[in-house]
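Let's read a structure together, one feature at a time.

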Amino acid sequence: MKRLLLAVMCVAVLGGCSSGRKQKVAARPAPVKMAAPVQAPALDAKGQPIAHVPFRPGVSSVTVENMAKKQGCTGGVGAGLMTPPGPVEVYRMVCNNRTIFQAKCELRQCKQI
């Protein structure tokens, strides 16, 4: 019991029994954050600028992506939800050939616009 008490006191006072002096810890440099590359605005097949909308998946995203694939539209991040979630939703997908595939889904029944 005396040895345990001595060991606890040694750790509390000295920070460890192995040496009486504290070791210096080298500070690590902060990680460098890379800036996002600036890209020119994307243009569709007709030369019109494509509006960039952040991708939001929806309930019918996979269904619309499969419909687009049947029409020859592939690539991009997929079919993103353009309207608030609800009974009627509009999805948009930008294809590799810079065309836009859109679909309207009513109660998960989707049709190409």
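Q: How do I read strands and their pairing?
A: Helices (H or I, at least four residues) and strands (E, at least two) are DSSP runs, numbered from the N terminus. Two strands pair if DSSP finds at least two bridges between them. Here, L81 stands opposite Y91 in β2. This is a predicted model, where local features need pLDDT of at least 70, side-chain atom pairs count only at pLDDT 80 or more, and totals for chains, interfaces and linings use all residues. Residues are numbered from 1 along each chain as its sequence is written, and side-chain values use heavy atoms, leaving out hydrogens and water.

Q: Which order do the four strands of the open sheet have?
A: The order is β1-β2-β3-β4, and the pairing is antiparallel. At the edges are β1 (80-81) and β4 (109-112), each of which pairs on one side only.

Q: How many bridges join β1 to β2, and how many join β2 to β3?
A: β1 and β2 (residues 88-94) are joined by two bridges, while seven join β2 to β3. Y91 also has a bridge partner in β3, namely A103.

Q: Which residues of α2 are buried, and which are exposed on the face turned away?
A: Buried means under 20% relative accessible area, exposed over 50%, and partly exposed in between (1.4 Å probe, protein chains only). In α2, S61, V64, M67 and A68 are buried. They line one face of the helix, because seen down its axis they fall within an arc of 125°; the arc is that of the directions from the helix axis to the C-beta atoms. The face turned away from the buried side carries the exposed V62, K69 and K70.
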